[in-house]
Protein chains: 2
Amino acid sequence: MKHISSRSNPEYRQLLRLAEGRHGAQAVLEGLHLCQEWVAHYGAPRYALFDEALLARQQDGELGALFGALGAAACATCEPALMRALSPIGQDQGVCFLVDVPRPPRPERIDADCLWLDRVQDPGNVGTLLRTAAAAGVGQAYLSPGCAAAWSPKVLRSAQGAHFAMAIHEHVDLAAERARLAVPLLATSLQDGVSLYARALPGRCAWLFGNEGRGVDPALLQLADLRVFIPQAAGVESLNVSAAAAVCLFEQRRQRLAAHGVQVP
Amino acid sequence: MKHISSRSNPEYRQLLRLAEGRHGAQAVLEGLHLCQEWVAHYGAPRYALFDEALLARQQDGELGALFGALGAAACATCEPALMRALSPIGQDQGVCFLVDVPRPPRPERIDADCLWLDRVQDPGNVGTLLRTAAAAGVGQAYLSPGCAAAWSPKVLRSAQGAHFAMAIHEHVDLAAERARLAVPLLATSLQDGVSLYARALPGRCAWLFGNEGRGVDPALLQLADLRVFIPQAAGVESLNVSAAAAVCLFEQRRQRLAAHGVQVP
């Protein structure tokens, strides 16, 4: 098994570049939970790096089990200081994977609930939106160019594993994708629209949320089948995009539960 | 009018310390919007610092109007580089205030909607929670020790002005505060509780949300009149605390609107 003791090791430098937020076709996964999920869904990573000292201490634990499942030939170890340098919060997570970003096949026809994001820039927002959508039972996400990279470290951290509950499509031309939609497209809008609570929501739909400052692109907004607003108190700023999405997605979930006989007031 | 050209100026150093996240009885407000709101609600700040060049260019604009309202004797100017150094995102906001953190009088009896936060650590979460509560029409917040400082720069930025729509009480012993509550205390809980959608919510209540990782302190949870959970999809992580609060607060708002005759499905 290979042991890395220098920052100039090429595999380590690649992990570090990705951990620092650069991204592309590959991503770095930090920590036991994300790495376990990766193995469960996609099998072996391209590269696996373990903290030598932590691995020695946790040989009989989950870290040791993950190492054992991959096999020593597929893994490398390193010093704790090198592992800590990979973490944006300076915590030694014990294990890091280098992986190829999954590119799930684009469905010809989108007939399930899905999340559409138009230029949502903040990685924390993108991660929280994915986490909220997964919790609401939404299984697909479509991200326009200009959104934070879905497999970047900050998004992965905020999403808390939602990446493994959803098919995430990035760099999607949402206006063009509209033609594939077999469910209504709903957008939140401050300018016009109907109250979220004014009518029954579709059983299935695509929910479109926009940029933190500018909202949904006007041309895209015109393609929506329904524009809704969340009735809020007067004289205060509108909701953050993640909070707005939580309200919308769970209002739909509430209505769906009610339609299936779950008692609601 | 005083002009500051050095980082070693004592007033500037105090602003910088606060802008870097240290906090206490004073806070720094950055940018036109927050500073305007401060003047509208609390009058003159303890200290006001303007970017000299921006002020000269915007003499007839809102920045100039704010400067005029305070009077030259109460203001200082500085170089753009010094102003940029005060911003956590390196943007020159044009104006910074040093203010005394408002300490609103604690009501003897809490009979209105309120937000209770137990050790919510992340400043972005605390800010989003305040913003969401303000948007839902909640006018009071009670923060336990261990919460991010409400008037710290990151919380102010996430809250987008909610600080001026709410009375914010910090360092509150929530268990002791329970005795002042004249409305039911509702807490979100994963362990037990009833579905958020299973029954009518109280017309007014205190909503209690807990730490990102550990949730609400168990002893505090025991003091709740009702524990609710948000029914979510199986096999995924629970909602982020800010998203959970958005779902709860707006479900209560939906029920209230319905009770007042606003049509809901």
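Tutor: A salt bridge is a side-chain nitrogen of Lys or Arg within 4 Å of a carboxyl oxygen of Asp or Glu. The model is predicted, so local features need pLDDT of at least 70 and side-chain atom pairs pLDDT 80 or more, while totals for chains, interfaces and linings use all residues. Residues are numbered from 1 along each chain as its sequence is written, chains are lettered from A in the order in which they are written, and side-chain values use heavy atoms, without hydrogens and water.

Student: How many salt bridges are there across the interface of chain A and chain B?

Tutor: The rule finds two across that interface. Arg254(B) and Glu251(A) meet in a salt bridge through their side chains, at 3.8 Å from N to O.

Student: Which helix of chain A gives the most to the side that touches chain B?

Tutor: Helix 10 of chain A does, with nine residues. Helices here are DSSP runs of H or I with at least four residues, numbered from the N terminus.

Student: And helix 10 of chain B, how many of its residues are buried?

Tutor: In helix 10 of chain B, 16 of the 19 residues are buried, so this helix is largely enclosed by the rest of the structure. Buried means under 20% relative accessible area, with a 1.4 Å probe and protein chains only.

Student: What comes just after helix 10 of chain B?

Tutor: Gly261(B) lies there, with a positive phi of about 90°.

Student: New topic: is Ser152(B) buried or exposed?

Tutor: Ser152(B) is buried, at a relative accessible area of 8%. Its place is in the loop between strand 7 (140–143) and helix 7 (153–159) of chain B.

Definitions and conventions:
Buried means under 20% relative accessible area, exposed over 50%, partly exposed in between (1.4 Å probe, protein chains only). Helices (H or I, at least four residues) and strands (E, at least two) are DSSP runs, numbered from the N terminus.
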